[in-house]
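Work through these exercises with the sequence and coordinates open. Each task is followed by a stepwise solution.

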Amino acid sequence: MCQHQPPCPPADAPCHDAARLVAFHPEQGWGLLCNGVVIFDDTGELLPDGTSISIGPVCCGTAA
């Protein structure tokens, strides 16, 4: 499916979020990656096989 060089990671790879964005609709809150994964502004994802992934908020930094 992917024509990029190097190729984008497949949807079932742990790093599937590294695929290139091919469609982006910020007004609707979603984007489509080259590997068929749909990403949502609320950090959720929908894989091509219909599996839904809910990712909680990411904490950046460390507590002092």
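**Exercise 1. State how many residues lie between E1 and E2 in their hairpin, and find the glycine with a positive phi in the turn.**

Solution. This is a predicted model.
Step 1. Locate the strands: E1 covers residues 21-25 and E2 covers residues 30-33.
Step 2. Examine the link. Four residues lie between E1 and E2 in the hairpin.
Step 3. Gly-29 has a positive phi of about 85 degrees.
Step 4. Assign the direction. E1 and E2 run antiparallel, joined by four bridges.
Step 5. Find a facing residue. Leu-21 is opposite Leu-33 of E2.

**Exercise 2. Decide whether Cys-8 and Cys-34 are buried or exposed, then list the contacts of Cys-8.**

Solution. 
Step 1. Apply the cut-off: a residue is buried under 20% relative accessible area.
Step 2. Cys-8 has 13% relative accessibility, so Cys-8 is buried.
Step 3. Cys-34 has a relative accessible area of 11%, so Cys-34 is buried too.
Step 4. Leave out neighbours within four places in sequence. Cys-8 then contacts Cys-2, Ala-19, Arg-20 and Cys-34.
Step 5. The structure has zero.
Step 6. Cys-8 and Cys-34 belong to the largest nonpolar core, which has seven residues.
Step 7. In soluble globular proteins, nonpolar side chains tend to be buried together.

**Exercise 3. Describe the setting of Gly-44: its strand, its burial and its contacts.**

Solution. 
Step 1. Gly-44 sits in strand E4, residues 44-46.
Step 2. Its relative accessible area is 13%, so Gly-44 is buried.
Step 3. Skip residues up to four places away in sequence. Gly-44 touches Val-38, Ile-39 and Ile-53.
Step 4. Compare C-alpha positions. Gly-44 and Ile-55 are eleven residues apart along the chain, and their C-alpha atoms are separated by 5.5 Å.

**Exercise 4. Summarise the chain: how many helices and strands does it have, and what share of its residues is buried?**

Solution. 
Step 1. Count the elements. The chain has zero helices and five strands.
Step 2. Write the order along the sequence: β-β-β-β-β.
Step 3. Take the burial. Of the 64 residues, 25% are buried.
Step 4. Take the surface. The chain exposes about 4,600 Å², with 61% supplied by carbon and sulfur atoms.
Step 5. Take the contact range. Among contacts with a separation of 6 or more, 20% join residues 24 or more positions apart.

Terms used:
Residues numbered from 1 in each chain as written. Predicted model: local features only at pLDDT ≥ 70, side-chain atom pairs only at ≥ 80, totals over all residues. Heavy atoms only, no water. Pairing = 2+ DSSP bridges. Helix = DSSP H or I, 4+ residues; strand = E, 2+ residues; numbered from the N terminus. Disulfide = S-S within 2.5 Å. Buried < 20%, exposed > 50% of the residue type's maximum accessible area, 1.4 Å probe, protein only. Core = buried A, V, L, I, M, F, W, Y, C linked by side-chain atoms within 4.5 Å. Contact = heavy atoms within 4.5 Å. Areas by Shrake-Rupley, 256 points an atom, 1.4 Å probe, with all protein chains shown as cover.
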